[in-house]
Amino acid sequence: MKRKLGALEKLEADHAALRFKIKRDPQSYRPDFEQQYQQYQTLHDIFIADPSTTNSGLVALKDLIEFVSHVADLYPDITSQFPQDLIDILLKHHQVLEYDLRDKIVGSLALLKNKDVINSSTLLNTFFPILISTPSKSLRQLLFTRILSDLRSSNAKATNHRLNKTVQTAFFNLLESDKTSPKGIWAVKLTRECWKRQIWTDARAVEVMRVAALSDNEKTITGGVRFFLGADKEREDAAEESDDDNDVDMAKLRHQAGINKKSKKKARELKNAAATVKKKEKKKNAPPLLNFSALHLLHDPQGFAETLFSKHVQNTKNKFSLESRLLVLQLVSRLVGLHKLTILPLYSYFLKYLTPRQASVTSFLAYLAQATHDYVPPDVLEPLVQKIANEFVSEASASEVAAAGLNAIREICVRQPLAMNETLLQDLVMYRKSKDKGTMMAAKGLLSLYREVGADLLKKRDRGKDATMGIRAGAIQERRYGEEAIGEIEGIELLEKWKEEERRKKLEAAGLDPDADNGDVELDDDEEDWKKWDVESDGDSDDSGGWINVESDGEDIQISDSEDEKEKSQRPAKKAKLSSTTPAPGPAADAQDSSKTASTSLEPETKSISKLLTTTILTPADLKQLQTLRATNAITNTLPSHKRAQLLAARHADDPLTAETIELAARLGRKSSKQDKIDMAKADRETTHHQSTTAKRKEKKEAEGKSTTNKEKERKKNFLMTLGKAKGKNKRSLGDVKRTLLGHVERRKRGGKRGNRGN
Amino acid sequence: MTASSKKKKENKKKDFQKPKLKVGKARPKAANSTDTSFRAKAIALKQQALSTSAPTLEAQCAHHLGLLNHKSDTQRKESLAFLTSAITSNPTTDPLPQPSSVIIPAVQRLILDGSNNVRQQVLKLLQSLPPTDIASHTDQLLLHTRAAMTHLAAEIRVFGLEVLEWLLGVAGDEVVSCAGGWVKMLKCFLSLLGWQNEASGKWSTAKSYGKADSKLQVKQMNVLTSFLRAGLFYAHVVSSVLVTDSNFPLWQTEHHMLSGRSNVYAHLNLFGAARDEEAEMYEDREDRQRVFHERAEAAIITGLEQATKGGGELGRAAAQLRKAVKEGMTDFYREEIAL
């Protein structure tokens, strides 16, 4: 007789069902688990006898491994050996394992880590050696994602410094131990990915990449160098991207929750969605996380740049491709420009490559310009500029070449104006009469640059109005090598003037002589200033209770540096000696003050400015006043020279200079072909086929996941279908009619059947 | 009539229009005809049997060994049946069509096969092999047997017992003395019978998921009895070397001869991974007695008590088992009792 099977017995040969039961009640199913574990052990023994088999017995082992790893955390005493077994199999036999089983073991180990049976460092210490040694591409990919997700999850709540440190040390050791091996690329890849996802943002990760950039393997080197050149931009992009993806449409979800079947799960989902939306909102309002770029986190950039240059660029023994050599050169020049380093052999190295026939010469030109800063000695740069002028800029050379050369010279001179001499400049400026548009524009650019930074090198008729006036007035002054601009606040003299006027007004109102020096009155003035510390709390005297009033002999707080004052008193004197015209402060910011007549002596004014800056602390109210004064004084802002200066300032010092910038000028004059014009005109048109307005609207609605409205359905409904209802309506009793009408009114008030609950 | 309905009608008409046939013209193709022609530069025939003579028995056997991985269970069974008949029909003086060392590793994993027919056929095939060959592959066979005995499916568990019974009959001594053969098997039996070694609780545990009925338990106990008999009793002394006076000046010649067994020094474990207590080989009867006493005896005795109370077939099997334990352990020197 065949016995009828119960539901439980039918499921007997099903690991998933047993797993489910075990999770419910681990103690009752302990013997069953033991039995399964024994089965696992037996299969494990069979497997160990011949790890490379691909026969069907492996399926069972795979299932058992999955089963045991899912419930291993419930029986820690039985399964103490289990993780180590898996690790051993993977480490010893990963090359011969059948790939399904291999992937399963990797997944099971990750699962065990998620269940806290093993810790992260064990997991990573297992995965990483396999990652760098396995010949299988799919396994590498799997391990790579696993390692990354593990690092990510263990750093999700708070930074796991200990784990990061061990992993970074492992990477460091890998790179240090064998500099020639290509295995280092994995350390580079993982670090870069972690950097991109903002898992690692510290100097230690940068240190790993530094070591990678200084290794001997070309792939590792380019990996490391690319990290420094592009990782920060990548990080920003990734951060922006993660903001817009998986947007939850809350209104839609609420609507669906109203219509679909109500279940606990649905309610939970809705709640979770609301929480994520809230979180995102919070994140959006939070101040942006400030991360330092990799180039700024570097220790000893001078040493790094020097070693990079001498080891990879200058060294002729290594057989790197031009591309990777250029990459390293780009990094070196970037470092030199950013940190204002001094590597003199770098400039003489460039000399060899500055010919129009050199491959990717525009890159070389760009890197040369990038490596220039105001601490580079002009006599080092002068031969380079001369060579560019000789090789590129001549009547005989092609117009693109000339434009690129002129542009490169301009980029160099922006950074170090002293690299130019008078005859060369005047010669180059003549190209503004060139017929080629690119060359002409480049030459004009050079001209306008020197009108600002070194007008006296130009011929008199080329100087322009601003520069000529400035030179005559002595406002424009050549800056000497190594000289720094005096730090100051833009428009501070306006504030000074305004304060003076205010004071005079007050004194006149009080009936005093405005020109007499009166200490007591000044004190009052100052106290008032302190009261107006905060702009928002206007006149709230309670606020100033927290501040300590320092009043002694009518003096206010003096924060002055004795060195500063000494310097400031010395500098004008020095200038007076050097310049033949009337002495004046150098900075260009003074040009704003052009409304001021040149006749007044500027020397005392300089002193007064420094007095205001050094003797008082500007309150927020002062700063606000300063801002308004600057805005009212905006006439100067419309001047073309000022606009140019603003554009120049807008270009961030951290932004790299690329070959495109150099090539840009040459592209100006080029005429576009007919096909290009057609393409350009067509570019903004998306659809090629014609569509009616209604069809477009409908499509738009469907794209939003909406169908027709109820109103629309009503309108489209077949007439015959409405007849029955209409007939019935006539036969209703008066009470029924009243009820329906009242119901209608009621619904109107509530705003529909379901009311306005959704909002 | 509106424009759309007219259009629809026209479309419908088009669907059912009969193609016109014309004499002397090729028949028009149906709307759903598929073009199966293809173009190729060359057509390569992958295999071509050029031999006129039938393949030898050896080749056929090798082919069928390869078919043991086939996904269809009928095919597997038939291949096994072919191998069985080839071996049984082989005259005993001739060597087997394929050596046992090839057949057994290929066949042994089918002990765990999902289909009952295949499993039964495997057992038949194994029984047809010469017992001396089985003895040298005991450890691998035993591993698979144990896997079958702990399998999730009840059928396979029963079948595992059958295989073990046969194995004990053919090579009992090797079974109990191979690596892991003694302790691991004992553990396996204990967990199958649900007799807990460490007396964790006096409370009876609920009959849990996937436990067998009493029939299976009887069978398990019977096999355990024969297993213990093989392990705890004196082995029959097989004197292969004839003890005669012909080699008079030499004494105890058999100890100096090369052993007939393969892998004589397996117990030294020269090449394998380090073994723990469970996986160790226990070649002496005394060793086995000691380990049995330490690990299993108490559990078996308590388990037997309950089983005897059950009476019936179960009680009889329990009595047999008790007898076997008692006889096997008579001469074991018990320190605990002496103290």
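**Close-up 1. A:Arg146 in helix 8 of chain A.** In this predicted model, A:Arg146 belongs to helix 8 of chain A, which spans residues 137–154. Its relative accessible area is 31%, so A:Arg146 counts as partly exposed. Not counting residues up to four places away in sequence, A:Arg146 touches A:Val106, A:Gly107, A:Ala110 and A:Phe127. One of these partners, A:Phe127, is 19 residues from A:Arg146 along the chain. The C-alpha atoms of A:Arg146 and A:Phe127 are 8.4 Å apart.

**Close-up 2. A:His312 in helix 15 of chain A.** Helix 15 of chain A covers residues 301–313 and includes A:His312. A:His312 has a relative accessible area of 1%, under the 20% cut-off, and is therefore buried. A polar atom of the A:His312 side chain lies 2.9 Å from the backbone oxygen of A:Ala213. Leaving aside neighbours within four places in sequence, the contacts of A:His312 include A:Ala213, A:Leu214, A:Ser215 and A:Ile221. A:Thr307, A:Asn318, A:Phe320, A:Arg325 and A:Val328 also contact A:His312.

**Close-up 3. Helix 19 and helix 20 of chain A.** Helix 19 of chain A runs over residues 378–392, and helix 20 of chain A over residues 399–415. Their axes come within 9 Å and cross at roughly 165°. That angle is over 145°, so the two helices are roughly antiparallel. Their crossing is left-handed. Helix 19 of chain A contributes A:Val385, A:Ile388, A:Ala389 and A:Phe392 to the contact. Helix 20 of chain A meets them with A:Val401, A:Ala402, A:Gly405, A:Ile409 and A:Ile412. The residues of this contact divide into 8 nonpolar, 1 polar and no charged. An α-helix has 3.6 residues a turn, so residues three or four places apart point the same way.

Close-up 4. Helix 9 of chain B spans residues 183–193. Of its 11 residues, 10 are buried, so helix 9 of chain B is largely enclosed by the rest of the structure. The buried residues are B:Val183, B:Lys184, B:Met185, B:Leu186, B:Cys188, B:Phe189, B:Leu190, B:Ser191, B:Leu192 and B:Leu193. Their cover includes helix 3 (30–49) of chain A. From chain B, the cover includes helix 7 (138–149), helix 8 (154–177), helix 10 (214–232), helix 12 (285–295) and helix 13 (297–310). B:Gly194 follows helix 9 of chain B, and its phi is positive, near 75°.

Notes: Residues numbered from 1 in each chain as written. Chains lettered and ligands numbered in written order. Predicted model: local features only at pLDDT ≥ 70, side-chain atom pairs only at ≥ 80, totals over all residues. Heavy atoms only, no water. Helix = DSSP H or I, 4+ residues; strand = E, 2+ residues; numbered from the N terminus. Buried < 20%, exposed > 50% of the residue type's maximum accessible area, 1.4 Å probe, protein only. Contact = heavy atoms within 4.5 Å. Polar contact = N/O pair within 3.5 Å; in protein donor to acceptor, adjacent residues only side chain to side chain. Axes fitted to C-alpha atoms, helices over the stretch in contact; angles between N-to-C directions. Parallel < 35°, antiparallel > 145°, perpendicular 65-115°, else oblique. Left-handed = near helix turned anticlockwise from the far one by under 90°. Nonpolar A, V, L, I, M, F, W, Y, C, P; charged D, E, K, R; others polar.
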